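Dear colleague,

I am handing over the structure below, and I would be glad if you could look through it with the notes that follow it.

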Amino acid sequence: MEAVVHQEEREQIRREFGEAVNMTAKQLEQWLASKESKAVGDKPDGESTGHASGRRIVALLRTRPDDLTEDDYRHMRKVTGYVHRHTAQRPASDITTSRWRYSLMNWGHDPLDH
């Protein structure tokens, strides 16, 4: 993936990430400790991709903007893309306890929090 060079682009990535991730670091950390969080997603190495991403998002939320790395910005883009793609696939049924919602929450986005 190409490097994030320009300050304007970094600001845009942070803004879009902030819009996609609507859970606080504390909320996400508490969610990731739940059995529901651990029960969803693909698990290539024992931990789901979304759960691992959630742990990284907690760290990103606690990182000062000046301390973010190129790799952090790439992950922020990945999170934003995932949230946008996944929210577009919202099921017609009640989502309150759905695997769809739980998966999104692992990525820092609770679709019930408007």
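A residue counts as buried here when its relative accessible area is under 20%. Y82, with a relative accessible area of 15%, is therefore buried, and W107, with a relative accessible area of 5%, is buried as well.

Please keep in mind that this is a predicted model. The average pLDDT of the protein is 92, and 94% of the residues score at least 70. Among the elements, helix α3 (residues 35-38) has the lowest mean pLDDT, at 92, whereas α2 has the highest, at 97.

Turning to the aromatic rings, the count comes to 2 aromatic pairs. W31 and Y102 are both buried.

Y82 and W107 also form an aromatic pair, and this one is stacked, with 4.2 Å from centre to centre and 15 degrees between the planes. Since Y82 is located in helix α5 (residues 70-87) and W107 in the segment after α6, the pair ties together parts that are 25 residues apart in sequence.

With best regards

Key
Residues numbered from 1 in each chain as written. Predicted model: local features only at pLDDT ≥ 70, side-chain atom pairs only at ≥ 80, totals over all residues. Heavy atoms only, no water. Phe/Tyr/Trp six-rings, centres within 6.5 Å; stacked < 30°, edge-to-face > 60°. Buried < 20%, exposed > 50% of the residue type's maximum accessible area, 1.4 Å probe, protein only. Helix = DSSP H or I, 4+ residues; strand = E, 2+ residues; numbered from the N terminus. pLDDT = per-residue confidence, 0-100.
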